[in-house]
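These are my notebook entries on one structure. I set down what I looked up, topic by topic.

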Amino acid sequence: MSGDSRIDMLMAAGERIDAPEALRIGLDQAVAGVGGLGGMVHLGGGGSGHLYLATRCGLSESLTEAWKRVGGEEPVAPALAVRDNALVWTPLIEDGESGGRTGGRAFPLGSGLVSVPLPASRGPQGALTVLTAARDGPGPAERSLLTAVAGWLAERLHEPTLPQGGPPGWTWPTRSDLQRSRSGSGVGTWAWDFATGTVHWDETALALLGAGSLPASARVEEWMDIVHPQDLPQVLAAAEAAIHDRGTYSAAYRVRRPDGRYSRVRARGHLLSGDDGTPYRMLGSLQDATAGPSGPPPEHIEGGSLTLDGAWRVTRIDEEAERLLAPDAPPVGTVPWQSVPALRALGLEAACRQAVADGRPLTFDAKWPATLHLYRIRLVPVPGGVTVHVTDATQERVSAHPGEDRATRLEELAGSLAAAATVDDVIDALADRVLPLFGAIGLLVQLVEGARLVTAGSRGYSDEFIALLADPGHPRENPLTVALRSAIPTFVSSPEEFVRRYPELAHLPTASGKQAWAFLPLIVSGDAIGYCSVSFDHPRTLSGEERTLLTALGGLTAQALARARLYDAEHRHAQELQRGLLPRSLPELPAATASARYLPASASAEVGGDWYDLIPLSGGRVALVIGDVMGHGLSEAATMGRLRTAVHTLADLELPPGELLFHLNDLVSGLGDDFYATCLYIAYDPTRHLCSIARAGHPPPAVVRADGTVFFPDLPVVPPLGAATPPFDTCELALPDEALLVLYTDGLVETADRDIQQGMADLARSLTTAVRGTPPGESADPDRLCDTLLSTLLPPEQHTDDDAALLVARLRPLPAEDIATWSLPEDPRAAGQARAHVRGQLGAWHLDDLTTTTELLVSELVGNVVRHAQGPIGLRLLRSRAMICEVSDGSPATPRIRRAGDLDEGGRGLQLVAALAHRWGARYTAQGKCIWTEQLLT
C-alpha cells in the first residue's frame, strides 16, 4: 500500500476521532508504512522538560519500560527530533547498542530508530518513533509518510474536543475561595514546578486522587502513572498546549485509586511566568467529576447539601436541604442523629463514618419518617469532615436503585472475597456484604469433611441451633442434601413450604427463627464442597433476578472457600511444625524459673525462624538461648530446628559461649549465602551469681532489678551468624540480687511504626510497671510477666509482620551453705583426705546415706588425677536438687571410658563411676578441666 493510500485511510477516520484512538491508528499506519518492527509516541510534559510515552505498537512492555520517560536533553531519537524539530535517524550497531543514541535503552531487534516531531504552533509537542530493520534509514517516501502521519496526529491532538481553556466565566479561585473549598466543597489545589518537575497536592486533592495513590509532593511521572492510559494523551496534549500557547489548562481524566478502581477528576490551571515571559509554574484546582465526563462536579448536584465537621456537627445547611428535610432538618452546630430523633434509625451515622473511613463517596437511599419520601443521600468525604448531598428520589423507578446498590455491593463483595485469606475471612465478607444486599438476617455455611457436614461459620443463629444441626439423626432427604446432590440452589419462601417439602424436619423453622431460605450449593471443579444458606425473618418469594444473583454469589463463595481451606490447612500445618520445633515446656531447674512465649506474624501462613531454649548444664549451671533465623518459610523453620539441635549438642560439650557461637557460625555459613541468623547465648553460674554472655547480631538482654529498674548490658556489636567473623567475645555480668533476665527477638520490640530503640525503651517501661505492680512480699511471676509484655507491646488488634519470641527467667544463686570447697595435695594422700572431707560434709548436711557411694566416686576421681594428670587438685561438693561432686585439675586431657580386658589391671575406674553416679561428665576450665558426678537426692 502506498503512502498516499495510508494518508487517505487516516483522513477517512473522520475529524471527531478522539486522541487515544488517533494515536493508535496513526502509529499503526506509520509502522506498517515504513516496514517497521514497532513504534512509540512520546508527548511533551510541559515545562518539566521531559517526554512521556503515550502509546506503543508492536513492542513489549518490558522493552518500552525504559522509554516511559525521556529527558529533553538526552541524545536519543525522540528527544533529538523534538529538540531539532526535524526527522532524526539513529542507526543501531550490531550488538543492539547505539553509541549513546538510546541512552542505555537497547533494543534486541532492528537496526535503527527513526523519529519525527509532532508539530505545534510554539514548537514540537512530542515525537513519533519507529523501530525499523532498514539499515540505511528511511527513504524519501518513508520520510514523507512519517511527516504526514505526524501532522495528522498533531491536528487530532489539538481538536476542540480537547479542553483548551476553562468554561465561560471561570476565574482562578481567590484565597478565600480556597479556604471555603477546604471546609467542605471538595475542591483541591495543586502546583506544578517546571524546574524540578514536581507537583505538590493539598489534602483535598490527594483525597480526590485516592489516599495512597500519590505522596504530597510527587514527580510528574508519578502523577502520570495513575492517569488512565486512554486519557494520558489528552492530559499531556492539554498541558503542552497551555504552556506553548500561554493559555489556561483544563482537562477531565480518570485516575487509578489504590484499590484498582478508577474515578474521574477535573483539573484546571493557569500559568505563572517570569519577567522574560517564560512559564515556571502552573497553579490549579482539582474537583471530583465521577458523575460523568460531562456531568456536573459534586458541588453542583441537584438538591440540597449540608456539611459536617470532624465532630459530626452541622457547619452549613442550604435552603434546599432545609426544605427537603423539613420538619426534621438538623440545626447548625448540632449532630444530626443526636438532635433529631427521627434521623437516628436511618443509618446516617454509620454511613458517614464508613465514608470517612473508606475515603470515598458513599450513596444510599433512605425513607424519611415524617414524610415517607424516599431520599437519595450521597456522602462525600472532605478534609475535616463530610459533605451530605440530599435529593428527592420518590418519583424515580424503585427498581433502578436496588440494581445500582447491588452492583456496588457485588463489586465490594468480589473484592472482599478476593482478599479473604481464611475461611473466617470469607464468612465475614459474606455477612458484611450479602446479608444487607438482600435484607437477610441469617447466614450459615457448612462444608463437607469426609462423610459429614461441619459448620464453618454462621451469623444470626444460636449455638443451640448449630448444635442441633450436628445431630446425626437428621433424615437423609433435606434441603442441604438436595442442593448438594443436584448442584441446583433450593429456595423456600415460607415455613409452610418448608414443612410441606420436608415434613420430617418440621421442627427446624421454629428452632431457627427464620421464615424463608435460599440454600446455595458450593461447587468447585464439579465437586460439592458444602453449601451456604441465606435466610430471612419473614416469608419471602425471591424474584428471578435475585435468584440469579444468589446463584452467582454461590459460585464466588465456593471459589473463595476452596482457596481459604487450602490456606487454613497450610497455616495449620505450619503452626504444627513450628510447635514441634520449639520446646514443648521449659525444664524446672533449681537455678532458674523461666517462662516463654512465641507469637507468629499476624497475616502469614509461613512459619518463622524465632526460637528459645533453657538448657541445664553441669554444676547446677543453666544456659539461656534465643535466636532468629532471618526470613519466613519452611526452609527458615528447618534451619531454626537445626540450630536449636546444634546448640543443645554444643552445650552438652560444655563449650564456653564464644566458642559455641563459633561453631554455630560455621554451621550457618555452610547453608549458603541466603541464610543468616541472630543468637544470644547466656551461661549462668549459680555458685557465683554470674552470667557469661556472647551474641551475634541479637538485641541485648534486659536485666530487671528487684526495685523494677531495668538496664541493657553494654555488649560488643557482632554481625549475625553467617556474616560474622570469629572470634566471638564473651562478657561476664554479675547479676543483682533477685534479678530477672528477659531475652527477646526483634519482632517483639520493632514494628513498622516503632524502631528497635523505641521498642527497647517501651519494653523497659513495661517491665518496670509490671514489677512495681507486684503485691508486697511477692516476686514477679515470669509467666504472668510474659503475658503482660505481649499484651502491652503487641496487643491482639495490632498487625505484625514479624514473629516474636520472649523468654523471661528468674535466676537464683546457690546459697553459700550448700557449697563446700577444698584443695588437695598432689600425692597419694589426696584420696584419703578427699574421703574424709566427704564424710564430714555429708554428715553436716545430714546426707549420711550417700557417704559410701560418694567416697567411692571421689576416691576414684582423685586417684585418676594423681596417676594421670597434674595439679593443682580441687574438690567441690554442691548440694542442690542433686549431690554434685566436682574434682578439678590442671590438665586439659579429658578421661574417656574404654573396655578393659580380662587381664588388664586398670581401665575400670570410669566404668565404676558411670555405674554409681546418675550422670557424670567433664568440662574445660580456665586452669584445666573438671570431672563431675551427680547423685539424685530422695
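**Terms and model.** I took contact to mean heavy atoms within 4.5 Å. Axes are lines fitted to C-alpha atoms, for helices over the stretch in contact, and angles run from 0 to 180 degrees between N-to-C directions. Helices (H or I, at least four residues) and strands (E, at least two) are DSSP runs, numbered from the N terminus. The model is predicted, so I noted that local features need pLDDT of at least 70 and side-chain atom pairs count only at pLDDT 80 or more, while totals for chains, interfaces and linings use all residues. Residues are numbered from 1 along each chain as its sequence is written, and side-chain values use heavy atoms, with hydrogens and water left out.

**Confidence.** I looked up pLDDT, the predictor's confidence in each residue, from 0 to 100. The protein chain averages 79, and 82% of the residues score at least 70. Over residues 94–100 pLDDT stays under 50, and the model has 10 contacts beyond four places in sequence for them. Residues 291–301 also stay under 50, with 17 such contacts.

I traced an open sheet of 6 strands in the order β3-β2-β1-β6-β5-β4, with antiparallel pairing; two strands pair if DSSP finds at least two bridges between them. His50 stands opposite Gly71 in β3.

**Helices on the sheet.** Helix α2 (residues 19–33) packs on the sheet and touches β1 (36–44), β2 and β6 (126–132); its direction makes about 140° with that of β1. I found helix α5 (residues 140–157) lying across β1, β5 (112–118) and β6, at about 45° to β5.

**Cores.** I searched for nonpolar cores, sets of buried Ala, Val, Leu, Ile, Met, Phe, Trp, Tyr and Cys residues joined through side-chain atoms within 4.5 Å. Buried means under 20% relative accessible area, exposed over 50%, partly exposed in between (1.4 Å probe, protein chains only). The largest core has 61 residues, of which Leu128, Trp201, Trp223, Tyr249, Tyr253 and Leu286 touch the most other members. Helix α9 (residues 232–244) gives the largest share of this core, 8 residues. Beyond four places in sequence, the contacts of Tyr249 include Trp190, Trp223, Val235 and Met282. Apart from this core lies another, of 57 residues, with Leu589, Leu617, Val647 and Ala683 among them.

**Leu589.** I located Leu589 in the loop between α19 (544–581) and β23 (592–599). Leu589 counts as buried, at 13% relative accessibility. Not counting residues up to four places away in sequence, Leu589 touches Leu614, Pro616, Val622, Arg812 and Arg881. Leu589 and Leu811 are 222 residues apart in sequence, yet 9.7 Å apart in space, C-alpha to C-alpha.

**Pro720.** I placed Pro720 in the loop between β29 (710–711) and β30 (731–734).
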